[in-house]
Amino acid sequence: MKATAKAHPIQGLVKYHGMRDEEQRYPYHDSISVCTAPSHTKTTVEFDDSLDSDTFVVEGEELTGRKADRVRTVVSRVRELAGIDTRVRLESENSFPSNVGLGSSSSGFAAAAMACAEAAGLDLSRPDISTIARLGSSSAARAVTGGFSDLHMGLNDEDCRSERLESPLEDDVRIIAGLVPAYKETEEAHREAADSHMFEARLAHIHDQLVEMRDALREGDFDRVFETAEHDSLSLAATTMTGPAGWVYWKPETIKIFNEVRRLREKEDVPVYFSTDTGASVYVNTTAEHEEYVEEVIADCGVETMRWKVGGPAEILHESEALF
């Protein structure tokens, strides 16, 4: 009863903010994202009755408190579906920096759900597994199905699940990540989202954004897709910054990247757009033709960069790649 899985983190394109049900992690509205590869999380899970207790280790650190509780919700759901109560050992590692706004929780819980389901002998589709991953992080549901994916809102697992959105853009999109390290509190930001006076305005606006994004992805319209994502990032930040805690995630380097992206687009006619989640790091979206030049410009902003393509769905790896 052992399995290893890999999942790619996501970049939110039309992002969810706030949860109508914190325990089940049902969002207030649909959300769309794109997976970023080759960045990934690898997770090995083993159900073993000889263990004294459940053990969860991420990046060499044994989890306790709230972090362990979030992993346990995923494991417990798998146990429930499989009809077992066997204790578990879970170990996970990332190929990219965590807690800097690059979606590590999405790939982490997606890989955990995928490995747990396989180790427990469950025969489930990826949309089914997305409902398990969602219990750890709503974004993880979309990391399970990969590529461009859409998590539907709902009040049950039949409705609130992720599905893949096919798009001719998958092969040409390139993502330059500008890393701006800054500690963030995504959980707290979600928890207080509905207390912002901008929240109702965002809800009224978001459905048009979702319709626009789905249509643009289907048509393969790069500019419409990433212009929509850029505007959604600004909308999300406005809502976050006007909550009770007044979260301001952006740093001077973040703004510098924004300005360079707009200069490239307006002065040099380069197809390039920025996007952020709840963090200071920036996703810079462009095409394969321009990726090297765009990365040079972003690196000149004084930040570390990573270059990514569109990543596929979570997958089970060969036993030789297990972490233990």
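Reply: What follows describes the contact between the domains and then some local features.

This is a predicted model, in which local features need pLDDT of at least 70 and side-chain atom pairs count only at pLDDT 80 or more, while totals for chains, interfaces and linings use all residues. Residues are numbered from 1 along each chain as its sequence is written, and side-chain values use heavy atoms, with hydrogens and water left out.

The protein chain is split into domain 1 (2-167) and domain 2 (173-310), with bounds from an automatic or database domain assignment. Taken over C-alpha atoms, the centres of domain 1 and domain 2 are 23 Å apart. Domain 1 puts 38 residues into the contact and domain 2 puts in 48 residues, where contact means heavy atoms within 4.5 Å.

Between them, domain 1 and domain 2 bury about 3400 Å², and 63% of this is on carbon and sulfur atoms. Buried area here is the accessible area (1.4 Å probe) that two parts lose on being put together, summed over both. On the side of domain 1, the residues that lose the most area to domain 2 are Gln 11, Lys 15 and His 17, together 21% of what that side buries.

Four salt bridges are counted between domain 1 and domain 2, a salt bridge being a side-chain nitrogen of Lys or Arg within 4 Å of a carboxyl oxygen of Asp or Glu. Asp 150 and Arg 214 form a salt bridge in which the closest N and O atoms are 2.6 Å apart. There are also 16 residue pairs in polar contact between domain 1 and domain 2, both residues at pLDDT 80 or more. A polar contact is a pair of N or O atoms within 3.5 Å; within protein, one must be able to donate a hydrogen and the other to accept it, and residues adjacent in sequence count only if both atoms are side-chain atoms.

On the side of domain 1 that touches domain 2, two or more residues each come from strand S2 (10-14), strand S5 (31-37), helix H1 (65-82) and strand S10 (148-151). Helices (H or I, at least four residues) and strands (E, at least two) are DSSP runs, numbered from the N terminus. S5 gives the most to this side, with six residues.

Now the local features. A cis peptide bond, with omega about 15 degrees, joins Ala 37 and Pro 38; Pro 38 is placed in the loop between S5 and S6. H1 also carries Arg 79, whose partner Asp 54 sits in the loop between strand S6 (41-47) and strand S7 (55-58), 25 residues away. The side chains of Arg 79 and Asp 54 meet in a salt bridge at 2.5 Å, N to O. Glu 59, in the loop between S7 and strand S8 (61-62), has a positive phi of about 55 degrees although it is not a glycine.
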